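Biologist: Please take me through one part of this model in detail. I would like to know how the pieces there sit against each other.

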Amino acid sequence: MTQYVALFGDPVAGNPTSAILNAAFESAGLDWRYLDIRVSRETLPEAMTAARTLEFSGLNLTVPHKVAVVPLVDRLDRTAEIIGAVNTVRREGGSLIGSNTDGAGFISAVRHSGLDPSGLTVVLVGAGGAAQAAAVELAVAGAKRIVVANRSPERAATLVARLEQRTSVSAEATTWTGEFTPPACDLLVNCTPLGMGRTADQPDLVPVRLEGLAASTVVADLNPESADTAFLRRATAAGHRTLDGLEMLARLAAECFRLWTGHPTSPEAMRAELERVTGSTGG
C-alpha cells in the first residue's frame with residue numbers, strides 16, 4: 001500500500017523537495033509518495049487532523065506553519081523543543097512526533113565540509129528561523145561561542161537568551177547596522193533571506209565585510225535556492241572555503257527520508273538531484 005508524506009505550507013509552488021524525495025523513494029524501491037499541499041494559516045488544525053485520519057507517514061512544514069504546528073503534535077524532539085519550531089513530523093504508532101531537520105541538515109553540511117562543530121566560534125548574520133535552527137544545533141553539537149548579529153536587537157537578544165538558558169554555549173548578541181564587520185570566527189553564516197527570490201539577480205546585498213577575517217574562516221550562505229550566490233562568490237574570491245544552502249537542503253531531505261522510512265539514503269544523490277531540478281551547481 002502506498003505511504004504518503006506531504007508538505008504543508010502557503011505557498012508551496014516551486015518546492016524542489018518533492019522532486020528529490022520522490023526520486024529517492026523510487027531509487028530505494030519504496031512505494032512512497034511526497035505531495036505538495038497548500039494549507040492556509042487558518043486551516044492548519046484541520047489539515048493536521050486530516051493527516052492523522054489518513055495516516056500520513058510524515059510531514060514537512062514550511063511558512064507559515066513551523067511554529068503554529070507545535071501544539072498540534074504529540075511531542076517534540078529535544079532540538080525542536082528548544083527552537084520552538086517544527087519543520088518535520090514523523091508518525092510513531094498513533095503519535096505524531098515533531099522534529100526540526102533545518103538545523104540537522106545544516107550541521108551535517110558543516111561536518112561534510114570538514115569542520116567539527118565542537119569548539120567552534122560562530123557568527124550568525126540574522127536571527128530568524130534559519131538562524132535559530134542553526135544556533136541550537138551548533139550549541140548542542142558543542143560549539144564554544146555563538147555571536148548573533150541582527151538588525152533588530154530584540155530578536156537577537158531573544159535567541160541568545162534561549163541558547164544561554166537551554167544549552168551550555170557562550171552566546172552574545174550584537175546589533176547589525178550598516179555594513180557589519182564580524183569578529184574573528186571559525187564559521188560565518190548568512191542566515192538572512194538577502195539574495196533570495198526577487199533579489200536573486202541583484203548585486204550582493206549582504207552587507208558584511210569579509211576583509212580582516214582569517215583565511216581559515218569558512219563562509220556559509222543558507223540560501224536554499226542557489227549554490228552560487230554573490231555572497232559566496234565574494235567569499236571565494238577572498239580565499240575562504242564556502243558552504244552553500246543546497247548542501248544543507250540536500251542533507252535536510254536525507255534526514256527526513258531517514259526519519260520517515262528508517263533507512264539511510266545518500267546525501268550526495270540528493271544533492272545531484274537537487275542540482276538537476278534547480279539548475280544550480282556549486283561547492
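Modeller: What follows is a close look at one helix pair. This is a predicted model, in which local features need pLDDT of at least 70, side-chain atom pairs count only at pLDDT 80 or more, and totals for chains, interfaces and linings use all residues. Residues are numbered from 1 along each chain as its sequence is written, and side-chain values use heavy atoms, with hydrogens and water left out.

The pair consists of helix H5, residues 129–140, and helix H6, residues 153–166, whose axes come within 10 Å and cross at roughly 25°. Helices here are DSSP runs of H or I with at least four residues, numbered from the N terminus. Axes are lines fitted to C-alpha atoms over the stretch in contact, and angles run from 0 to 180 degrees between N-to-C directions. H5 and H6 are therefore roughly parallel to each other, a label given to angles under 35 degrees. The crossing of H5 past H6 is right-handed, meaning that the near helix is turned clockwise from the far one by less than a right angle.

On the H5 side, the contact is made by Gly129, Ala131, Gln132, Ala135, Val136 and Ala139. H6 contributes Arg155, Leu159, Arg162 and Leu163. Contact means heavy atoms within 4.5 Å. Sorted by class, the contact of H5 with H6 holds 6 nonpolar, 2 polar and 2 charged residues. In this scheme Ala, Val, Leu, Ile, Met, Phe, Trp, Tyr, Cys and Pro count as nonpolar, Asp, Glu, Lys and Arg as charged, and the others, Gly among them, as polar.

Definitions and conventions:
Helices (H or I, at least four residues) and strands (E, at least two) are DSSP runs, numbered from the N terminus. Angles under 35 degrees count as roughly parallel, over 145 as roughly antiparallel, 65 to 115 as roughly perpendicular and the rest as oblique.
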